[in-house]
Every structure is written in structure tokens, then in C-alpha cells.
Amino acid sequence: MDNQNTSDSQKHNDTIKSLKEGSSHYKGFKIQPAEFIIKNKLPFAEGNVVKYTLRHNKKNGAEDIKKAIHYLKMILEMQYGE
């Protein structure tokens with residue numbers, strides 16, 4: 001059982017390290033989007049808005065902005081009926 005706890009602890013530490021390092025298109029931010037999303041318990045759609053908005057300059061340009069808009073429209077429809 002102790003080995004399982006050590007293994008789980010190591011997996012947790014590896015996950016935290018990965019969240020803090022992030023992908024190359026997130027380099028330069030003081031906090032990685034995934035870490036921010038998780039720590040603030042953002043819902044899926046809101047988390048994706050953050051992710052796509054932050055990375056558009058370094059990854060997929062207009063495509064990422066369109067994805068962020070898609071999730072914003074989804075939020076409008078699901079939460080506000082618009």
C-alpha cells in the first residue's frame with residue numbers, strides 16, 4: 001500500500017510540474033492556463049476561452065480566436081438563452 005501512495009504522490013507531482021511548465025506556446029506567462037483554470041475551478045467552456053485567447057498569437061492565430069468565440073457563444077446559449 002505504501003508503494004501505491006508513493007506512486008500516486010509522484011504522479012501528482014509530475015502533473016503539477018507539467019501544468020507549471022506548459023507547452024511552448026504558453027511560455028512567458030507567469031501562470032500556465034491549465035493551472036489557472038484548475039485552481040479557479042473554471043467550467044470547461046470558460047477554461048477553453050482562456051486557453052484559446054492566450055495562445056492565439058503563438059499557435060493558431062485567427063483559428064484560436066474563432067474557437068474562443070465558439071465557446072463564448074456556447075456560454076451565451078447555455079447560460080443566458082441567447
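Reader: Is F44 buried or exposed?

Author: F44 counts as exposed, because its relative accessibility is 63%. The cut-offs are these: buried means under 20% relative accessible area, exposed over 50%, and partly exposed in between, with a 1.4 Å probe and protein chains only.

Reader: Thanks! What kind of model is this?

Author: This is a predicted model, in which local features need pLDDT of at least 70 and side-chain atom pairs count only at pLDDT 80 or more, while totals for chains, interfaces and linings use all residues. Residues are numbered from 1 along each chain as its sequence is written, and side-chain values use heavy atoms, with hydrogens and water left out.

Reader: How many helices and strands does the chain have?

Author: The chain has four helices and zero strands. From the N terminus on, the elements run α-α-α-α. Helices (H or I, at least four residues) and strands (E, at least two) are DSSP runs, numbered from the N terminus.

Reader: What share of the residues count as buried?

Author: Of the 82 residues of the chain, 21% count as buried. The accessible surface of the chain comes to about 6200 Å², and 55% of that belongs to carbon and sulfur atoms. Those areas come from the Shrake-Rupley method with a 1.4 Å probe; for residues, only the protein chains shown count as cover.

Reader: Back to F44. How many aromatic pairs does the structure hold?

Author: The structure holds two aromatic pairs. In one of them, F44 and Y71 sit edge-to-face, 5.9 Å centre to centre with 75° between the planes. F44 lies in helix α3 and Y71 in helix α4, so this pair ties together parts that are 27 residues apart in sequence. The rule is that rings of Phe, Tyr and Trp (its six-membered ring) pair if their centres lie within 6.5 Å; planes under 30 degrees apart count as stacked, over 60 as edge-to-face and the rest as tilted.

Reader: And is Y71 buried or exposed?

Author: Y71 counts as buried, because its relative accessibility is 14%. Y71 also forms a stacked pair with Y52, 6.1 Å centre to centre and 15° between the planes. That pair links distant parts of the chain, with Y52 in helix α3 and Y71 in helix α4, 19 residues apart. Ring pairs link F44, Y52 and Y71 into a cluster.

Reader: Nice! Which residues of α3 are buried?

Author: The buried residues of α3 are A45, G47, N48, V49, Y52 and R55. They pack against α2 (33-39) and α4 (62-80). A contact here means heavy atoms within 4.5 Å.

Reader: What span should α3 have?

Author: Helix α3 (residues 44-55) has 12 residues, so at 1.5 Å a residue it should span 16 Å. Its end C-alpha atoms are 17 Å apart, which agrees. The expected span is 1.5 Å times one less than the number of residues.

Reader: New topic: how many salt bridges are there?

Author: A search of the whole structure finds three salt bridges. A salt bridge is a side-chain nitrogen of Lys or Arg within 4 Å of a carboxyl oxygen of Asp or Glu.

Reader: What does R55 pair with?

Author: R55 forms a salt bridge with D64, and their closest N and O atoms are 2.9 Å apart. Both R55 and D64 are buried.

Reader: What about E35?

Author: E35 forms a salt bridge with K39, again with closest N and O atoms 2.9 Å apart. They are four residues apart in helix α2, so about one helical turn separates them. E35 is buried at 11% relative accessibility, whereas K39 is exposed at 56%.

Reader: Why does four residues matter?

Author: An α-helix has 3.6 residues a turn, so residues three or four places apart point the same way.

Reader: And what does E63 meet in a salt bridge?

Author: The side chain of E63 meets that of K67, at 3.3 Å from N to O. E63 and K67 are four residues apart in helix α4, about one helical turn. E63 is partly exposed at 43%, and K67 is partly exposed at 26%.

Reader: Last one: where does K41 lie?

Author: K41 lies in the loop between α2 and α3. K41 has a positive phi of about 50° although it is not a glycine. K41 is exposed, with a relative accessible area of 72%.
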